[in-house]
Amino acid sequence: MDKSNLKDFFENAKQVSKPDLERLSVETHDEVFKRTDCLSCGNCCKTAPPIVTPADVKRIARFLEKSPKQIIRNFTIQDFNGEMSFDQVPCRFLGDDNYCSIYEVRPEACRDYPHTRSNQFMRRKNLHNKNFEICPAVEEIITIMENKIKEQGLDNV
Ligand code: SF4
Ligand code: SF4
């Protein structure tokens with residue numbers, strides 16, 4: 001699928017009921033990530049700084065034996081809404097082997113990436129548009145979802 005086809009995909013997906021879209025997004029995300037080797041990619045960690053919440057900061061601080069203030073001061077930036085994200089890409093916690101050195105305590109946004117396994121699939125349209133260019137799994141997930149919608153006639157309700 002080409003990025004120019006995304007608009008048509010979302011237009012069509014609007015016709016699908018919310019429960020069907022949630023089911024499709026969950027099963028397709030799981031199916032694609034079963035065969036996706038993130039360690040040979042790492043593109044999200046190299047290009048997209050994750051949002052960091054106060055709960056993430058606490059967990060990471062404990063793990064690194066630093067204070068939450070040190071984590072905030074040394075590793076994050078804030079946008080005009082006060083939302084924090086890590087301050088560097090590639091992420092400072094990403095190794096040359098694409099392993100994350102804080103994997104057990106990584107931010108929720110990293111765990112949830114690329115945010116395609118969701119009951120809010122359509123509300124995340126802008127995010128999917130952005131991540132389509134970053135994560136090869138997003139293109140695959142959307143292509144498979146598009147085919148399943150057609151095969152199962154889910155857009156004809
Ligand atoms: S914290 Fe870990 S998973 Fe998250 S962006 Fe950094 S390297 Fe990647
Ligand atoms: S960009 Fe996608 S495929 Fe690549 S490491 Fe991140 S989640 Fe995995």
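Predicted model: local features only at pLDDT ≥ 70, side-chain atom pairs only at ≥ 80, totals over all residues.

The buried residues of helix H4 are covered by elements that include strand S1 (51-52), helix H5 (68-75) and helix H6 (108-112).

**Helix H4**

- Helix H4 spans residues 54-64, and its buried residues are Asp56, Val57 and Ile60.
- On the face of H4 turned away from the buried side, the exposed residues are Pro54 and Ala55.

- Ala61 has its place in helix H4.
- Ala61 has 18 other C-beta atoms within 10 Å and is therefore partly exposed, since a buried residue needs 20 or more and an exposed one has 12 or fewer.
- Apart from neighbours within four places in sequence, the residues in contact with Ala61 are Lys66, Ser67, Pro68 and Ile71.
- Ile71 stands 10 residues from Ala61 along the chain, and 6.3 Å separate the C-alpha atoms of the two.

**Domains**

- The chain is divided into two parts: domain 1 is made up of 1-37 + 115-157, and domain 2 covers 49-112.
- Taken over C-alpha atoms, the centres of domain 1 and domain 2 are 28 Å apart.

**Ligand 1**

- The residues that surround ligand 1 are Cys45, Pro50, Cys91, Phe93, Leu94, Cys100, Ile102, Arg106, Pro107 and Cys110.
- The shell around ligand 1 consists of 9 nonpolar residues and 1 charged residue, with no polar residues.

**Ligand 2**

- Ligand 2 is surrounded by Thr36, Cys38, Cys41, Gly42, Asn43 and Cys44, together with Tyr113, Pro114, Ile134, Cys135, Pro136 and Ala137.
- Helix H3 (43-47) and helix H8 (136-151) are the elements that give two or more residues to this shell.
- The shell around ligand 2 holds 9 nonpolar and 3 polar residues, and no charged residues.

Note on methods:
Residues numbered from 1 in each chain as written. Chains lettered and ligands numbered in written order. Near = placed C-beta within 6 Å. Helix = DSSP H or I, 4+ residues; strand = E, 2+ residues; numbered from the N terminus. Nonpolar A, V, L, I, M, F, W, Y, C, P; charged D, E, K, R; others polar. Contact = placed C-beta atoms within 7 Å. Domains from an automatic or database assignment.
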